[in-house]
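Thanks for coming. I have one structure to go through today, and I will take it piece by piece.

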Amino acid sequence: MERLVFGRPFYHLSTFSLIWGMAAVVLCTAQEEVVTQDEKQLLNTPATLKCSLQSSQEVLVVTWQKKKAVSPENMVTFSKNHGVVVQPAYKDKLNITQLGLQNSTITFWNTTLEDEGCYMCLFNTFGSGKISGTSCLTLYVQPIVSLHYKFFEDHLNITCSATARPAPVISWKVAGSGIENSTESLSHPNGTTSVTSVLHVKDPKTQVGKEVICQVLHLGKVMDFRQTMNKGFWFSVPLLLSIVSLVILLILISILLYWKRHRNQDRGESSQGKMNQAN
Ligand SMILES: *[C@@H]1O[C@H](CO)[C@@H](O)[C@H](O)[C@H]1NC(C)=O
Ligand SMILES: *[C@@H]1O[C@H](CO)[C@@H](O)[C@H](O)[C@H]1NC(C)=O
Ligand SMILES: *[C@@H]1O[C@H](CO)[C@@H](O)[C@H](O)[C@H]1NC(C)=O
Ligand SMILES: *[C@@H]1O[C@H](CO)[C@@H](O)[C@H](O)[C@H]1NC(C)=O
Ligand SMILES: *[C@@H]1O[C@H](CO)[C@@H](O)[C@H](O)[C@H]1NC(C)=O
Ligand SMILES: *[C@@H]1O[C@H](CO)[C@@H](O)[C@H](O)[C@H]1NC(C)=O
């Protein structure tokens, strides 16, 4: 970079450009020539990255590149002469949305997993060579959490599952002893990871009526999910059977009563009819 910085001023050899070149070196060492900001964005939504050149050099071209393992890939350029030129591979994906030679913004119309990574903006200046900044894009997915429990003959299992990007972390808040937990995680092709933690309670009676909290940690935020352990008596077979038989009994009694009243009414009507005929 310093070679480039000195390149042009030395050809001109005027004191003015010499001072200019030296100033550029000072700014270069300060490493604050381009202000950028890393961005966290929801996956499958638009995202923008900004670069702002602090010094007022004459910029010829602004280039945005994607950092890749081997070498950076050109995405889009902006210059006064040629306007915006988007590389074919990025045509429908993004554009420069702030057209400036000092400030430049690119917008991804709808981020996909491949867009996560770091990007460089290069300000190709007259006299100071290329001045660059780097901005990294992180794409996240908010957690979807489920918390449920099930009583068994001799144990109780409480399961908390969270799917998010990046992978969430699950922890428990529970009182009592004889409790173990095991956690598994599974990565999905859509970039999310499901983390499932099972709390295994050896003596289920100790937890009846108690509250359990599943804590999900994601991007520095902690979310609490609460669940009170109710023994599932609504689904116990004896109770269900007695309710069903009670309902059947009530229906039978109603039918019987209705039928009896109807018959009495019939009798009343026919005797009345005879009386009318007699009159
Ligand atoms: C972005 O892409 C996703 C997945 O392809 C799609 O479901 C969503 O509707 C798109 N959003 C916008 C704003 O285009
Ligand atoms: C990008 O933006 C420029 C300037 O606003 C516009 O002229 C051009 O058509 C856009 N290109 C694409 C591929 O959207
Ligand atoms: C660049 O942006 C900064 C703040 O974001 C603003 O103060 C400055 O005037 C802008 N420069 C140009 C040339 O648009
Ligand atoms: C309850 O959890 C334990 C420990 O994770 C597991 O070994 C057991 O199979 C689970 N019980 C049922 C019925 O799923
Ligand atoms: C769950 O397991 C981890 C590691 O085995 C342990 O540190 C933690 O205390 C356990 N949590 C509960 C609530 O038992
Ligand atoms: C990702 O895939 C998993 C498993 O197929 C699914 O449960 C989850 O809802 C998906 N998430 C998104 C944001 O598409």
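Where is Ile251 found? Before I answer, note that this is a predicted model. Ile251 sits in helix 3, which covers residues 237–278. Its relative accessible area is 46%, so Ile251 is classed as partly exposed. Together with Ile243, Val247 and Ile255, Ile251 makes a nonpolar surface patch of about 340 Å². As background, nonpolar side chains in soluble globular proteins tend to be buried together.

The largest nonpolar core has 25 residues, and the members that touch the most others are Trp64, Met75, Val76, Ile106, Phe108 and Phe123. Several elements give two or more residues to this core: strand 3, strand 4 (59–66), strand 5 (73–79), strand 7, strand 8 (103–108), strand 9 (117–125) and strand 10 (129–151). Of these, strand 3 gives the most, with four residues.

One open sheet here has four strands, in the order 1-3-8-7, with antiparallel pairing. Why is one side of strand 1 and of strand 7 left without a neighbour in the sheet? Strand 1 (34–36) and strand 7 (94–98) are at the edges and have a single partner strand each, so one side of each has no neighbour in the sheet. On average, neighbouring strands of this sheet are turned by 25° against each other, direction ignored.

Strand 1 pairs with strand 3, residues 47–53, in the antiparallel sense, and three bridges connect the two. Within that pairing, Val34 has Leu53 in strand 3 as its bridge partner. Moving on to Gln54, this residue is in the loop between strand 3 and strand 4. Gln54 has a relative accessibility of 49%, so it counts as partly exposed. The C-alpha atoms of Gln54 and Val35 are separated by 7.1 Å, and the two residues are 19 residues apart along the chain.

There is also an open sheet of three strands, in the order 12-15-16, again with antiparallel pairing. Which strands stand at the edges here? They are strand 12 (169–173) and strand 16 (221–228); each has a single partner strand, so one side of each lacks a neighbour in the sheet. The twist from one strand to the next averages 25°. Five bridges hold the antiparallel pairing of strand 12 with strand 15, residues 211–218. In strand 15, Leu217 stands opposite Val169.

Strand 11, residues 156–165, is worth a separate look. Is strand 11 mostly covered or mostly uncovered? Mostly covered, with nine of its 10 residues buried. Strand 11 forms a hairpin with strand 10, with four residues between them. These two strands pair in the antiparallel sense over nine bridges, and Leu147 has Cys160 in strand 11 as its bridge partner. Strand 11 also runs antiparallel to strand 14, and nine bridges join that pair. There, Thr159 is bridged to Val198 in strand 14.

Last, the charges. In general, side chains of opposite charge can pair when their charged atoms come close. How many salt bridges are there? With the 4 Å limit between nitrogen and oxygen, the count comes to seven.

Among them is the one between the side chains of Glu73 and Lys68, at 3.2 Å from N to O. Glu73 has a relative accessible area of 30%, which makes it partly exposed. Lys68 is partly exposed too, at 43% relative accessibility.

Another salt bridge joins the side chains of Lys202 and Glu180, at 2.9 Å from N to O. Lys202 is in the loop between strand 14 (193–201) and strand 15, while Glu180 is in strand 13 (residues 179–187), so this pair ties together parts that are 22 residues apart in sequence. Lys202 is partly exposed, at a relative accessible area of 46%, and Glu180 is partly exposed at 43% relative accessibility.

One more: Asp224 forms a salt bridge with Arg226, with the closest N and O atoms 3.7 Å apart. Asp224 is partly exposed, at 36% relative accessibility. Asp224 and Arg226 are also linked with Glu211 in a network of salt bridges.

That is what I have. I will take questions now.

Technical notes. Residues are numbered from 1 along each chain as its sequence is written. Chains are lettered from A and ligands numbered from 1 in the order in which they are written. This is a predicted model: local features need pLDDT of at least 70, side-chain atom pairs count only at pLDDT 80 or more; totals for chains, interfaces and linings use all residues. Side-chain values use heavy atoms; hydrogens and water are left out. Patches are made of residues with over 30% relative accessible area and no salt bridge: like charges are joined within 9 Å, nonpolar side chains (Val, Leu, Ile, Met, Phe, Trp, Tyr) within 5 Å. Accessible areas come from the Shrake-Rupley method with a 1.4 Å probe; for residues, only the protein chains shown count as cover. Buried means under 20% relative accessible area, exposed over 50%, partly exposed in between (1.4 Å probe, protein chains only). Two strands pair if DSSP finds at least two bridges between them. Axes are lines fitted to C-alpha atoms, for helices over the stretch in contact, and angles run from 0 to 180 degrees between N-to-C directions. A nonpolar core is a set of buried Ala, Val, Leu, Ile, Met, Phe, Trp, Tyr and Cys residues joined through side-chain atoms within 4.5 Å.
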